[in-house]
Every structure is written in C-alpha cells, then in structure tokens.
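Thanks for coming. Please have a look at the model on the screen, and then I will go through a few of its parts.

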Amino acid sequence: MMMALGNRSARRLGFLLSTLKSEIYVPLARPAAAFGTSVTSAKVAVNGVHLHYQQTGEGDHAVLLLPGMLGSGETDFGPQIKNLNKKLFTVVAWDPRGYGQSRPPDRDYPLDFFERDAKDAVDLMKTLKFKKVSLLGWSDGGITALIAAAKYPSYIHKMVIWGANAYVTEEDEMIYQGIRDVSKWSEKSRKPLETLYGYDYLAKTCEKWVDGIKQFKHLPDGNICRHLLPLIQCPTLIVHGEKDPLVPRFHPDFIHKHVKGSRLHLMPEGKHNLHLRFANEFNKLAEDFLQ
C-alpha cells in the first residue's frame with residue numbers, strides 16, 4: 001500500500017512539475033483603465049496590519065477574491081478583476097498578511113493561520129463598509145473561505161471554492177514536499193513571484209508554507225477545518241479540475257458531502273488554475289451561481 005501510494009504521488013508530482021509552467025497567471029504591466037472600469041488599489045489598517053486590496057465594479061453584490069499560497073489579487077485573479085460583471089458586482093481582491101503588498105509583516109504560519117486569514121478577510125470587508133459578502137476562494141483561499149463561512153455565517157451570502165482541502169493526508173504531504181524547493185520550479189512559474197517578492201523571500205516563505213501546512217498532518221484526521229464544514233449555511237459551489245495535480249478528487253468530494261446543500265461542478269480539463277486557464281467558463285459559472 002505504501003509503495004502504491006508512493007508511486008501514485010510520484011506520478012502526480014512529476015505531472016505537477018512538468019506543468020508548472022502553465023499553472024500560473026503572469027500579470028502584464030498595464031494601467032488600471034485597461035480593465036474596462038477603474039480599479040482602486042489601496043491599503044487599510046485591519047487587526048494590527050495594513051492589508052492591500054484592489055476594488056472594481058459598482059454592483060450591489062460584494063464579492064471577495066481570496067488567493068492561494070504566496071498569492072495576491074494581481075497574480076491570482078487577473079481575469080476575474082477584469083471581466084466579472086461590474087454592474088452586478090463590486091469585486092474586491094485582497095492580499096493576505098505577509099503576501100503581495102500586505103507587507104510588512106513577513107508571512108508566518110502558526111497553527112491558526114487559516115483562522116487568522118478568515119478573520120482578517122471578514123474584518124477587511126467590514127472596514128470597507130460592506131454589509132454582506134460572497135466569497136470566491138482558490139486553494140488556500142478556498143480553505144480560508146470555508147472557515148469564514150462557518151465562523152461568520154450571517155456575513156457570508158454565497159461561496160465558490162476550488163482547489164481546497166479540509167484535511168491533509170500522507171499523499172498531500174508528499175505533493176507539498178515536492179514544491180518546497182522553488183529552485184526546482186520552472187523559470188516561467190517562478191519569475192512572476194520572484195519579481196513580486198525577491199528570490200530569498202519567495203524561497204523562505206515557500207519552505208515555511210510547506211512546514212505550516214504539514215502541521216495539520218499531525219492533528220487527528222489531518223484536520224484543517226473538517227469539523228467546521230457542517231456549520232456552513234450559505235449556498236456553496238465547489239469547482240474541481242479533474243486534472244488538478246495538487247488536489248486529489250477525494251478532497252472536493254469530502255467537502256461536498258459535508259457542506260449541506262452544496263453543489264459540485266467538475267471541469268474535465270481543469271487543473272489547479274482552472275479559473276485562469278478557462279477564465280470565461282469559470283467566470284460565467286461563478287456569475288450564474290452568485291446571482
């Protein structure tokens with residue numbers, strides 16, 4: 001069994017490293033006006049740190065975009081900031097503390113870092129005077145969204161998540177270990193984040209993230225937030241790319257089973273970055289669900 005697990009993980013890891021070149025959105029330098037409407041970029045004090053966010057649109061429905069590991073609004077959500085319906089939605093993309101332009105502080109990973117991000121995200125939107133919000137959470141941002149929806153149910157209207165997991169398995173741990181050393185990433189995948197952070201901060205923070213996420217493996221059932229899933233009350237759409245090399249299918253299945261009334265949508269050709277590779281399809285799916 002261990003050998004079979006190792007072989008499966010090795011194949012998955014080989015596939016991941018071979019496709020990393022296409023797994024990241026590379027933002028182009030451009031004026032905000034190129035997004036079609038103005039994009040506000042600002043910082044605001046929240047819970048003792050200054051959080052950076054981008055905001056666009058004029059709709060009554062507030063939507064917060066939550067990025068993944070080492071992500072920011074700009075690096076993770078270019079097609080959503082540009083193309084989500086600005087008459088229906090006011091779109092906010094944030095940089096969690098220690099990521100993007102929400103520095104200082106440097107990013108750290110205490111055992112409650114997802115809960116801290118969830119509180120920061122909700123308090124950011126309250127500081128910006130939004131009375132209720134919907135969440136679009138990718139990868140780590142999907143985990144943060146699940147926790148926010150469970151802990152602040154009256155504040156979350158609807159939620160779309162993809163690339164998320166509620167617990168960590170041995171197979172996951174092997175996958176994470178495979179991306180620990182950023183010098184082994186393709187240059188195309190590493191360069192945008194290296195430009196944003198500098199090589200040393202990128203390398204150090206990626207290693208810290210792997211150690212941080214592995215903490216959960218030592219908890220009962222590898223628990224991150226599985227105990228919170230039954231508390232989620234908002235309508236929830238779970239999207240999964242069936243070719244995702246980072247998140248095995250059993251993770252979205254588990255979330256779907258334990259979030260009451262949730263919907264699971266599979267994208268046969270989708271990988272971990274399905275919202276970037278298939279942006280038009282994803283945006284329509286999200287817009288239709290959020291309306």
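A disulfide is a pair of cysteine sulfur atoms within 2.5 Å. A search of the whole structure finds zero of them. This is a predicted model, where local features need pLDDT of at least 70 and side-chain atom pairs count only at pLDDT 80 or more, while totals for chains, interfaces and linings use all residues. Residues are numbered from 1 along each chain as its sequence is written, and side-chain values use heavy atoms, leaving out hydrogens and water.

Cys 225 has a relative accessible area of 1% and Cys 234 one of 7%, so both are buried (under 20% relative accessible area; 1.4 Å probe, protein chains only).

Next, strand S7, residues 236-241, which holds Leu 237; strands here are DSSP runs of E, at least two residues, and helices runs of H or I, at least four, numbered from the N terminus. Leu 237 is buried too, at 0%. Leaving aside residues up to four places away in sequence, Leu 237 touches Met 159, Val 160, Ile 161, Arg 263, His 265, Leu 285 and Phe 289, where contact means heavy atoms within 4.5 Å. Its C-alpha atom is 8.3 Å from that of Lys 158, 79 residues away along the chain.

Last, the helices. The axes of H4 (residues 113-127) and H5 (residues 140-151) come within 8 Å and cross at roughly 70°; axes are lines fitted to C-alpha atoms, for helices over the stretch in contact, with angles from 0 to 180 degrees between N-to-C directions. The pair is therefore roughly perpendicular, a label for 65 to 115 degrees. Among the H4 residues in the contact are Phe 113 and Val 122, and H5 brings residues including Ile 143 and Lys 151.

Note on methods:
Parallel < 35°, antiparallel > 145°, perpendicular 65-115°, else oblique. Buried < 20%, exposed > 50% of the residue type's maximum accessible area, 1.4 Å probe, protein only.
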